[in-house]
Amino acid sequence: MDAQPAIENIDTSIPVFQRIKDFLTAQIAAGHWKEGDVIPSEQALVRQFGVSRMTVNRAVRELTAEAVLTRRQGSGTFVAPQKYQATLLQIRSIADEVRSRGHVHRSSLQLLEQSAASELLAKQFELPAGLALFHSIIVHYENGVPIQVEDRWVNPQCAPAYMEQDFTRVTPNEYLVAAAPLQGASYSLEALAAPRDIADMLAMDARQPCLVLRRQTRSGGRVASIVTMWHPGHRYQFAGSVSTGKEA
């Protein structure tokens, strides 16, 4: 692939290796180079920026360490698969997560039904076995790429109008925040191989691992929702931070 023209109006106060990093990431962000595309060779970047091979190598090496690029011995340097990110410390709509990155969210409803609670589900909801629960399965996309399968069970006592929602326009999280204000939550996170149906919905190889987040939320003294969220491990990550300050 030919190198793009160097960026004009260069800020000379920025180190050269950082300017090269900024140029490469800008080309990726603008869509000129997509996941799997080969970027210009180090020698081409040396000629383009008029710098040493060592300077270019540092820029490429750092972007590789940051998982923006990936190197293949004997083949070149490529745009790495993007890692979509979510936070574990905040119960937030996946649509908001996607939009906060300046990307486009959409969802596809796979299932919306009322079903009798199994013995296990009834125990988890602290309800009698056989009581009706609401059940939805939704695939969430970021810029057209499937990043989450959301398999959710909902207590009708907490969200009686759940079945009436248009989940292509509002996420279950957004509806439940209003209908069943959060009182508390517990969660677990593990890596699992995806069942065939989940792998198909995520457009991934079933041999690849998923990051699976299971979360139970409470509202008004009841278990309001139990959700299992499947994420393709090769293009998704969880992140967060904790403040030790006194501010709430």
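This is a predicted model: local features need pLDDT of at least 70, side-chain atom pairs count only at pLDDT 80 or more; totals for chains, interfaces and linings use all residues.
Two or more lining residues come from each of the following elements: helix α5 (119-125) and the strands β6 (145-154), β7 (184-193), β8 (209-219) and β9 (222-232).

Attention now turns to helix α2. This helix, residues 42-49, packs against helix α3, residues 53-65. Two packed helices are described by the angle between their axes and the distance between the axes. For α2 and α3, the angle is about 115 degrees and the axes lie 9 Å apart; the crossing is right-handed. On the α2 side, the contact involves Glu-42, Gln-43, Leu-45 and Val-46, while α3 contributes Arg-53, Val-56, Asn-57 and Val-60. By class, the residues of this contact are four nonpolar, two polar and two charged.

The surroundings of α2 extend beyond this helix pair. Because six of its eight residues are buried, α2 is largely enclosed by the rest of the structure. The buried positions are Glu-42, Ala-44, Leu-45, Val-46, Gln-48 and Phe-49, and they pack against α1 (16-29), α3 and β1 (69-72). After α2 comes Gly-50, which has a positive phi near 65 degrees.

Terms used. Residues are numbered from 1 along each chain as its sequence is written. Side-chain values use heavy atoms; hydrogens and water are left out. Helices (H or I, at least four residues) and strands (E, at least two) are DSSP runs, numbered from the N terminus. Axes are lines fitted to C-alpha atoms, for helices over the stretch in contact, and angles run from 0 to 180 degrees between N-to-C directions. A crossing is left-handed if the near helix is turned anticlockwise from the far one by less than a right angle, and right-handed if clockwise. Contact means heavy atoms within 4.5 Å. Ala, Val, Leu, Ile, Met, Phe, Trp, Tyr, Cys and Pro count as nonpolar, Asp, Glu, Lys and Arg as charged, and the others, Gly among them, as polar. Buried means under 20% relative accessible area, exposed over 50%, partly exposed in between (1.4 Å probe, protein chains only).
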